[in-house]
Amino acid sequence: ALLDDKTGSAGRPKTWACIAVGFADGSVKFFDENGILLLSQKMHEDAVVRLKCRGHTGLSLNRGGSDSEALLILYRSALVTVDGLHLAQMLHVCRRQLAQADSTGSDMRTYFQLSYKKWDLEKHEKVNDIDSCG
């Protein structure tokens with residue numbers, strides 16, 4: 001996903017890339033454009049089947065929290081949604097904290113947890129894909 005920060009020059013937001021990767025242990029890890037881990041969280045015990053970033057061209061801190069922005073995470077037996085504005089804010093904080101640690105030579109980082117909603121899909125035989133209509 002592409003993320004917009006409020007920190008761009010000349011009043012324009014600075015855009016940067018974030019890669020989300022789902023793993024067999026149920027964790028989702030978020031990396032910056034240099035492959036540095038920003039955030040990792042396990043939201044379910046099954047393997048991640050699919051990730052979808054719902055929104056415009058990416059997540060933004062500048063759009064005032066559009067309800068249409070979200071990360072959808074499909075597991076074999078559950079669906080997890082993470083609010084796009086919340087995710088963008090958390091990734092921005094993690095990225096800024098990493099930059100501060102690099103500039104000061106400190107290795108002190110605070111680890112954050114995303115809030116999310118989870119739906120149980122165990123009663124469904126097999127779910128291959130997801131999308132959201134709103």
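Strands, in the naming used here, are DSSP runs of at least two residues, numbered from the N terminus. The structure shown in these views is a predicted model.

View A. The side chain of S77 makes a polar contact with the side chain of H44, at 3.0 Å. When neighbours within four places in sequence are left aside, the residues in contact with S77 are H44, D46, W119, D120, L121 and E122.

**View B. Helix α1 and the residues at its ends, D83 and G105.** Helix α1 runs over residues 84–104, and its 21 residues reach 30 Å from the first C-alpha to the last, which is close to the 30 Å expected at 1.5 Å a residue. The N-terminal end of α1 is capped by D83, a side-chain oxygen of which lies 3.2 Å from the backbone nitrogen of L85. At the other end, α1 is followed by G105, and the phi of this glycine is positive, near 75°.

**View C. Charged side chains over the rings of F23 and W16.** The charged end of K29 sits over the ring of F23, at 5.2 Å from the centre of that ring, while R95 lies over the face of W16, 4.3 Å from the ring centre.

Terms used. Residues are numbered from 1 along each chain as its sequence is written. This is a predicted model: local features need pLDDT of at least 70, side-chain atom pairs count only at pLDDT 80 or more; totals for chains, interfaces and linings use all residues. Side-chain values use heavy atoms; hydrogens and water are left out. A polar contact is a pair of N or O atoms within 3.5 Å; within protein, one must be able to donate a hydrogen and the other to accept it, and residues adjacent in sequence count only if both atoms are side-chain atoms. Contact means heavy atoms within 4.5 Å. A charge sits over a ring if NZ of Lys or CZ of Arg is within 6 Å of the ring centre and within 35 degrees of the ring normal. Helices (H or I, at least four residues) and strands (E, at least two) are DSSP runs, numbered from the N terminus. The expected span of a helix is 1.5 Å times one less than its number of residues.
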